[in-house]
Structure formats: structure tokens, C-alpha cells
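Here are a few notes to read alongside the model. Take them in order, with the structure open beside you.

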Amino acid sequence: MSSNLRNILLFAAMGALLIAVGVVQSANVALAILNLCLISAIMTLGVNIQWGYAGLFNAGVMGFAALGGLAAVLVSFPPVPEAWAVGGSRAMLGVVTGAVSIVLAIIAFKTVPGSRRVRGWAAAVIALAGIILMRFILDPAVEAIEAVEPARTGFLGGLGLPIVFSWIAGGAFAALAAWGIGKIALGLRSDYLAIATLGISEIIIYFLKNEDWLARGVKNVNGLARPVPYEIELQKTLWVQELAAQFDFSVIELSSIIVKLSYAGLFIVVLAIVFWLSERALKSPWGRMMRAIRDNEVAASAMGKDVTWRHLQVFVLGSAVIGLAGAMLTTLDGIFTPGSYQPLRFTFLIWVMVIVGGSGNNLGSILGGFAIWFFWIEAEPIGLALIEFLTSGMAVDSALRVHLIENAAHTRLATMGVVLLLVLRFSPRGLIPERGK
Amino acid sequence: MTDIVNALVLLANFVLVPGLAYGSQLALGALGVTMIYAVLRFSNFAHGETMSFGAMITILATWWLQEKGITFGVLPTALLALPVGIIATVAMCLMFDRIVYRYYRREKANPVTYLIVSVGILFVLSGLVRFIIGPQDRVFADGERFIMKARAFKQMTGLDQGLAIKTTQGVTVVTAVVIVALIFWFLNRTRTGKSMRAYSDNEDLALLSGINPAKVVAITWVITGALAAIAGTLYGLDKGYKPFTYLGLVLPIFASAIVGGVGNPLGAIAGGFVVAFSELLLTFAYKRVIAYLTPGDWIPEGLVQLLSTDYKLAVSFVILVIVLLVKPTGMFSGKTL
Amino acid sequence: MSFLQGEGLYGGYGGADILHGCDIGVDKGEVAVVVGPNGAGKSTAMKGLFGLLDLRQGSVELDGRDISHLPPQERVTLGMGFVPQNANVFTSMTVEENLEMGAFIRQDDFRPTMEQVFSLFPVLGQKRAQPAGELSGGQRQQVAVGRALMTQPSVLMLDEPTAGVSPIVMDELFDRVIEIAKTGIAILMVEQNARQALEIADRGFVLVQGQNRYTDTGQALLADPEVRKSFLGG
């Protein structure tokens with residue numbers, strides 16, 4: 001069948017599944033899944049930009065998404081005046097010192113005369129000295145800030161701007177980090193980029209978990225501002241109550257549905273924009289060149305294309321999209337939880353989405369994001385039901401049965417792994433393969 | 001004079017002994033990773049979970065032995081159970097090679113594909129291990145806990161500072177030394193070992209020389225599977241077993257391998273100790289040591305700690321970055337780029 | 001019919017044919033040299049004889065036996081030795097280990113053979129414990145040839161053995177080639193340094209565009225004014 005027809009059928013099937021969930025479980029559950037599908041789709045698009053356009057394996061998706069979440073906090077949370085008064089300026093000085101020393105280190109690496117070894121050591125020494133200096137400046141400030149109402153705040157707060165702005169900021173944060181790590185790790189073997197990105201994302205998460213003065217660390221930041229109305233306010237309005245009566249919903253349920261639909265609307269707009277931009281880029285001369293480089297790096301290099309610079313562009317762009325999605329995710333959650341960014345849940349799951357959806361194909365990424373997230377969520381109740389059914393013959397409190405039911409959730413991981421392996425083996429081009437391949 | 005000795009003992013207790021143990025564990029893990037890289041030419045992200053799998057089987061066998069009343073005296077019973085873990089892990093590695101990796105060798109897939117495949121296997125193993133043994137902490141070390149207790153040391157020497165050496169730490173170091181010696185003997189003195197080095201060095205020429213690639217691949221998995229089981233068990237004995245932690249070991253292990261020169265066995269071992277000691281040295285609070293070493297009663301303010309212990313993992317990453325900047329081929333110029 | 005005989009060879013690397021029906025052969029104790037301009041198919045013909053590429057047409061016989069469809073490893077066990085042009089040693093392994101790997105398929109004691117190689121290439125004996133990657137270009141070539149000799153082949157094929165070495169080293173290598181031939185081994189050599197190679201050749205094949213243009217003894221080819229003008233720079 002023609003590829004267009006196939007795509008339409010695949011997406012229709014996806015839609016049907018979501019509707020089925022709405023009917024069988026509830027509309028709220030279906031919409032909650034939909035929203036996370038949308039965000040996953042955007043994240044997958046970002047990863048696909050790196051993988052599909054340039055063949056780069058980014059194992060640190062989680063870290064870039066976390067930076068997006070950080071942006072959500074720093075942009076939208078109102079500033080905490082006491083904390084600023086007590087240590088704000090000193091803390092800023094410390095951060096600036098750290099940033100300046102890193103920049104100096106990079107400059108040293110580029111300009112100090114001598115072999116790569118000399119330059120490398122020079123950069124490392126400068127960075128180290130800068131960090132020590134930063135600690136000197138920062139530590140007392142941090143102590144003071146964290147002492148300000150630790151139960152409620154204990155951090156500097158943010159800019160108090162509308163949270164939607166943070167989506168752009170999240171992209172910017174991630175892009176900056178990507179630029180830094182890309183400068184170091186690109187141009188080497190692809191495995192190195194994977195490990196380096198794994199490393200940077202673990203550092204980012206560590207940093208966010210431990211630097212309470214920045215975003216409360218593991219105490220989390222909740223009560224983040226929303227771009228959509230609150231359920232409680234909706235429940236009080238007349239039109240919602242009337243609508244609820246008309247359709248035989250409870251007011252609470254309807255308000256929840258409306259909130260989720262509002263988010264969905266916002267997310268769909270963002271997804272559409274990102275998708276449209278990605279498609280334009282893919283089909284542009286720039287995109288064709290990127291793919292030519294990906295398919296034959298040696299030849300492209302011989303033709304004079306600066307492969308590493310191109311890779312850096314792609315890496316930064318893709319990471320920006322991931323950061324954007326990360327900010328959106330934290331907005332949806334309303335809570336910034338550094339502890340929730342785990343490699344299995346985040347990075348590698350997104351990779352399954354990219355591969356299953358179709359590497360190199362933007363539409364495929366969206367479908368992959370939807371499909372895999374859907375199965376990841378639904379696998380839990382389905383898996384549990386399956387195990388309960390299989391063990392129904394056993395005594396109700398047999399240790400084995402209890403153990404199996406408790407750990408049924410972990411079969412999700414194994415199943416996802418099997419799905420990834422099967423797709424890689426039998427359908428490596430994914431559900432929606434790259435055009436022209 | 002006693003002050004200096006006290007300072008040394010303090011360092012030994014908190015840096016040297018733990019560093020030797022942790023470094024041995026990293027070295028064994030990195031050795032496995034580097035051999036897979038050298039022969040099969042890809043980075044196996046699933047090695048951490050392979051270690052977890054090996055430890056898990058050993059734990060199950062240990063429990064079985066303990067139920068039967070079989071112990072190993074002062075040493076952990078897990079050492080008796082270890083062969084079972086090794087066999088199971090090797091079998092699993094060979095199975096995965098047969099049903100997954102072999103196809104990609106035939107297709108001459110590029111290294112990133114192998115990496116993604118190893119991520120798939122990571123998922124499967126991760127889920128499998130958690131499903132079988134559950135995600136919670138398991139302490140399965142038994143036998144005598146300490147070779148040397150801090151209090152006994154203080155009584156023996158009359159010093160203020162005590163030196164404690166856990167049995168698991170001693171076991172780790174001794175086992176690591178034995179295993180490393182065996183592997184180096186194998187690689188340098190046996191025909192099969194040399195054929196593996198030849199295959200890793202120059203695949204085409206090795207094939208021309210009549211070296212059987214299937215045999216080389218199988219032996220690689222046997223060795224690295226055994227290494228994973230041993231490293232995983234030792235780590236679990238020393239620090240308690242929790243499936244979740246093994247995913248976090250991937251970064252230090254790869255950092256060790258890259259620092260030493262990926263593909264070079266000697267480098268992997270050296271790298272393991274570099275990373276372990278760096279982690280400890282950079283997050284150690286030097287307050288008391290400085291107090292001992294400076295004349296008089298002066299004690300420095302604050303802990304004199306460069307990085308908080310939470311940042312231990314960050315250290316391996318920083319080392320990795322420095323290596324990539326300064327000398328990507330690592331200390332011993334492994335095969336790379 | 002020569003000891004090693006390739007007849008009517010047609011083939012290439014997958015696309016168009018590079019060989020268009022050439023014949024190449026060498027007898028025991030002989031030194032046969034294949035020369036010709038770039039792209040003439042010299043290395044291609046040698047790889048075809050060894051089985052490193054599929055021949056579309058033509059046959060290869062060793063001691064009267066048809067080996068056209070055997071893979072290279074089997075040809076090695078039958079007595080063929082091949083020294084590739086590049087990457088022909090294990091750089092991370094010592095000289096001695098390289099020779100050991102050369103004898104990998106042998107089940108018997110190969111130490112006498114190793115001693116023979118060391119007497120043929122004394123410098124290898126001196127550097128036996130050094131990694132092959134640390135040796136000079138000429139010494140590395142000696143290791144490569146020594147490695148191939150460890151299976152005690154009846155035919156030794158050398159693909160451009162003097163590529164990139166100095167003239168002195170080249171002379172030395174050719175001297176060794178003659179010595180090896182004296183032990184009864186058939187030597188087939190592809191060479192870019194046509195004049196020096198033909199000087200030691202009992203048989204010379206000039207290939208042009210995958211076909212035999214001139215075939216004669218080395219001396220005869222060197223004396224032939226046509227050959228001299230076209231390929232030897234007068």
C-alpha cells in the first residue's frame with residue numbers, strides 16, 4: 001500500500017487505541033496518556049534530529065530534559081526576596097566565576113601554544129582552579145540561602161514569569177549544555193559521544209539533586225504556575241456545571257478533562273510547530289547535506305565539509321528540542337522532581353521510541369513516541385492482569401504468587417527490551433521508514 | 001612522629017583500603033568491557049546488567065547453600081556459589097551472542113547499531129533481574145566480617161586512628177589479583193589467547209592465518225561473562241546488592257576503560273584504580289589529616305573537602321572529560337578512533 | 001601447465017570486470033613477476049588466484065588440482081602463502097608472536113621453521129621480542145614475509161612487497177626472494193618497481209587492462225625495446 005495510506009492507518013490505529021482506553025478505563029486516563037504521548041513525541045523528534053539527520057547517539061536525553069524542567073522552575077517560580085537579600089548576589093558571583101573559568105578553560109584549550117596534551121592540561125588546571133575559587137565564593141552564600149525557610153523555599157526562586165516562557169528557556173539551557181559537551185566529545189568515535197552524554201546527564205541530575213539553593217534539590221519544587229486554569233476554579237464556573245449536567249459527568253471529572261484538553265491543545269500546537277520546522281529542515285539543502293554526511297562521512301569530509309561543525313549544529317538543535325519537551329513535562333506535572341529523571345525511564349525509553357517509530361523520519365518519531373509510551377503505560381495494568389490470571393491457580397498468599405505480582409511491573413522493562421531487539425532485527429527501518437531508503 | 005603515622009593510617013583507612021577494593025571491582029568490570037571492545041569492536045552498555053545478573057545467580061545459589069547449612073567458614077559463602085553464577089552468566093552471554101549479536105556481525109553493522117542492541121539487552125536483563133530477585137537491597141555476605149577491626153588495630157599499635165579491613169575487601173583484592181594474573185597468562189602465553197590478540201589487532205590477517213573467528217568470539221564471551229559475574233558478586237558482597245546500582249556503574253567502568261586506553265587490558269586495570277582513587281581522593285575530607293600534619297593544635301575550619309561525597313560519580317565523568325581532551329587514546333593507547 | 005596456474009581469468013570487485021581473460025602461472029623454484037601500469041589488474045589477478053575475490057570466469061589450479069572455488073583459508077592449508085600489501089603484520093604483537101600466528105594452522109612443532117626464518121632474516125632474530133609495529137618499513141616487510149613462510153608453503157605470493165621502501169631495502173628484499181626461491185618455493189610477485197623486479201624474474205607478465213600484453217623471461221622483457229619504451233621509461 002502507498003506509504004501515505006499506511007501512515008494514515010497507523011495513526012488511526014493509534015487514535016483508536018486511545019479512544020479504547022477512554023472507553024474502557026476513563027476519559028481522564030486516556031487524556032493523561034495522550035498528553036504524555038505528545039510530550040514524548042516532541043522529545044523523540046529532538047532525539048531523531050540527532051540520530052536520523054547525523055547518526056549521533058545521545059545517551060543523555062534525561063539530563064537535557066532535566067535542564068528543561070529546571071528552566072520551568074527558574075522562569076516561573078516567584079523570586080524569594082529573603083534568600084536574595086541574604087546571599088543572592090554572592091551566589092550569582094559564584095556562578096559567574098564558575099562559568100567564566102569554564103569559558104577561560106575552553107579558550108585556553110584553543111589558544112595556548114603547544115601539543116594537545118599541554119593545551120588539555122592547561123584547560124583542566126584553569127577549570128579546576130576556577131571551581132575551587134567558585135566554592136570559596138559560593139559556599140557561605142549557599143548556606144545562607146538554604147537556611148531561609150527550608151521547608152517552604154530555601155532557594156533563590158525564579159523570575160516569576162509566565163511558565164510558557166520557560167519552554168523556550170528550557171530549549172536554550174539544553175542547547176548551551178549540548179554545545180559544551182559537543183565541543184568536547186564530537187569528532188571522536190560514536191561510542192565516546194554516547195558515554196560522554198551519559199556522563200553529562202548524570203552530572204546534571206546530581207547537580208540538581210544536591211544544589212538546593214538552585215531548585216530545592218530532592219525537596220522538589222511544587223505548585224508551579226500553570227498556563228491553563230485550575231480544576232477548582234473551573235468547578236466553580238457556571239458553564240462547566242451546566243456542561244457536566246448535560247453530559248452526565250461529575251463536575252470534578254469534567255473539570256479535570258477540560259484541564260487535560262487544554263494542555264493537549266497547547267502541546268499539539270507546539271508539536272505541530274516543531275514537526276513543521278523539522279520537516280522543513282530535513283527537506284532543505286541543509287538537511288540533505290546532513291544526511292549525505294551521515295551516509296558517507298569519509299566522502300563528505302573529503303569534499304571539504306566540516307563534519308564536526310555540522311554534527312555540533314545538529315546536536316545542539318536536537319538537544320534544544322529535548323529541553324523544550326522537558327520544560328513542557330515539568331509544566332504538565334506542576335512539580336519539579338530531580339529524582340524522577342532516571343536513565344531507564346527516560347533516555348533509553350525515548351530511544352526505543354526513535355527506533356520503533358522509524359529512525360530518520362519525523363512522522364515516524366511522533367508515531368513511535370505515541371506507540372511506545374502507550375504500551376509502556378498500559379503494560380503495567382495489562383501485565384498485572386496477566387500475572388494475576390496466570391497465578392490464579394495458586395494459593396492467595398503463596399510467597400511465589402506475592403513475589404510475582406509485586407514484581408509484575410518489571411516485566412515492562414524486559415518486554416520493552418524485547419520489542420527494541422525485535423524491531424532492530426526484523427524491521428530496522430521502524431514503523432515509518434525514512435523516505436527514499 | 002605519631003601524628004604523621006596517625007595521618008597515614010587515617011588515609012589508609014578511608015582512602016587506600018576502600019580504593020583498592022573499589023578499584024579492583026572497577027578494574028574487573030572495565031577489563032570485561034575493554035575485551036569486548038577489542039575483539040567484538042563495540043561498547044557493551046549491557047555489561048553493568050550482566051554483572052547484576054551474575055551477582056543475582058550467585059546470591060540465589062548462596063541462599064540455597066545457606067539453607068542447606070553449607071558455609072565457608074570465615075569467608076563468604078558466596079565464593080562457593082560463585083562458579084554457579086559464572087556458568088549461568090557465561091551461558092547467558094553465549095545465548096545472547098547466538099540469537100542477537102551474531103546477526104549483526106554477519107551484516108557488518110556499524111558500531112552504533114551494536115550499542116543500541118546492547119541497550120535492548122540491557123532492558124531485558126534489567127527487567128529479568130528485578131523480576132526474579134526483586135528490586136530491594138540484599139545483603140548476602142556472611143562469614144567473618146572483618147579481617148582487621150579498628151579497635152583491635154588501635155590496641156595493637158596504640159594509635160588514635162584505627163584501620164579496619166573488611167573481609168569482603170580482602171577477598172576482592174585477592175580475587176582480582178588472581179583473575180588478572182590468569183587472564184594475562186592466558187592472553188600472553190597460550191596459543192588461543194594469542195589468537196584472540198591477533199584477531200583484535202588485525203581481523204583480516206587473522207582470518208588469513210586460519211584463526212577461527214567463531215571460536216575467538218565464543219571465548220571472548222566466556223571470559224567477559226565470567227569477569228562480569230565475578231565483578232558483580234564482589235561488588236555486591238562489598239556494598240550490598242541492589243539491582244538499581246549496577247546501571248550507575250556503567251559510567252565509572254567505561255571511564256576506567258577509556259582512561260586506560262580502551263581495548264587494552266592493562267589500561268583497563270590501571271584505569272579502574274585511577275578512577276577509584278580519584279573518586280575517593282577528591283571527595284575525602286582532609287580536615288583531620290591536615291590537623292595531624294600541621295604542627296601544634298591548629299585544626300582547619302570546615303571539612304576541607306573539594307567535592308561532597310554526593311559528587312563521586314561526577315569525578316569519573318570529569319576524568320573522562322580530561323582524557324578526551326588531553327589524550328583520547330588513553331594512558332596506554334588502546335585501539336580507538 | 002605450471003605448478004600454480006591461473007587461466008582465462010575474468011573478474012573484478014563487484015561492478016565491471018578488471019580482468020579480461022589473463023593467464024598467470026609459476027613453477028616451483030621460479031620467480032614470476034607481474035608488472036604493468038596502474039589499474040592494469042596486477043593485484044586483482046593475484047587476489048583472484050588466492051581467492052580473495054570471486055572470479056567470474058576462469059580457473060585456478062595448484063599442482064594439477066582445481067582450487068577455483070576454495071576459500072582463502074583452505075588454499076593456505078593446501079600450501080599457498082599470501083603477503084598482503086598493507087596491514088600485513090600484527091603491529092601490537094612481537095616479531096616472534098607474529099611468526100607464531102603465521103604457523104597457527106600447523107599442529108606440529110614449528111620451531112625449526114622459525115629458526116629457518118631467522119636465518120633468512122637475521123634482523124628478525126635480533127628483534128624477536130619487539131612489537132612489530134615498532135620496526136622500520138623494511139623490517140616489517142620481512143616480518144610479513146616470514147609470517148607467510150611459517151606454514152612452509154609451496155607457493156608464496158607477494159603483493160607489492162617493496163612499496164614505499166628505500167632502494168637499499170628493496171635490493172635486500174629481492175635478494176631474499178631469490179634465496180627463498182632456491183629452496184624450491186614458487187614465488188609470484190606483483191611489483192610497481194618493474195625494472196628491478198624483472199631483473200630477478202625467471203618469468204615476467206606484463207598486464208595491461210586486465211590482459212597479458214607481454215610474457216617472457218625477465219631478461220628478455222628488459223631487453224625488449226617495446227617493453228622498455230612503454231613501461232620502463234626507455
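This is a predicted model: local features need pLDDT of at least 70, side-chain atom pairs count only at pLDDT 80 or more; totals for chains, interfaces and linings use all residues.

1. To find the pairing on screen, look for C:Ala32, whose bridge partner in β9(C) is C:Arg203.

2. Now follow β9(C) to its other pairing. Strand β10 (residues 211-216) of chain C lies antiparallel to β9(C), with five bridges between the two. One of the residues to look for is C:Gly204, which has C:Asp216 as its bridge partner in β10(C).

3. The turn between these strands deserves a glance too. The hairpin of β9(C) and β10(C) has two residues between the strands, and C:Gln209 there takes a positive phi near 50°.

4. Is strand β9 of chain C mostly covered or mostly open? Mostly covered: of the six residues in β9 (residues 203-208), five are buried.

5. Next, please turn to chains A and B. Their contact draws 44 residues from chain A and 39 residues from chain B. On the chain A side, α5 (116-147), α6 (164-185), α7 (190-210), α15 (344-357) and α18 (411-426) each supply at least two of the residues that touch chain B.

6. Which helix gives the largest share of that side of chain A? It is α7(A), with twelve residues.

Notes:
Residues are numbered from 1 along each chain as its sequence is written. Chains are lettered from A and ligands numbered from 1 in the order in which they are written. Two residues are in contact if their C-beta atoms, placed from the backbone, lie within 7 Å. Helices (H or I, at least four residues) and strands (E, at least two) are DSSP runs, numbered from the N terminus. A residue is buried if 20 or more other C-beta atoms lie within 10 Å of its own, exposed if 12 or fewer, and partly exposed in between; C-beta atoms are placed from the backbone. Two strands pair if DSSP finds at least two bridges between them.
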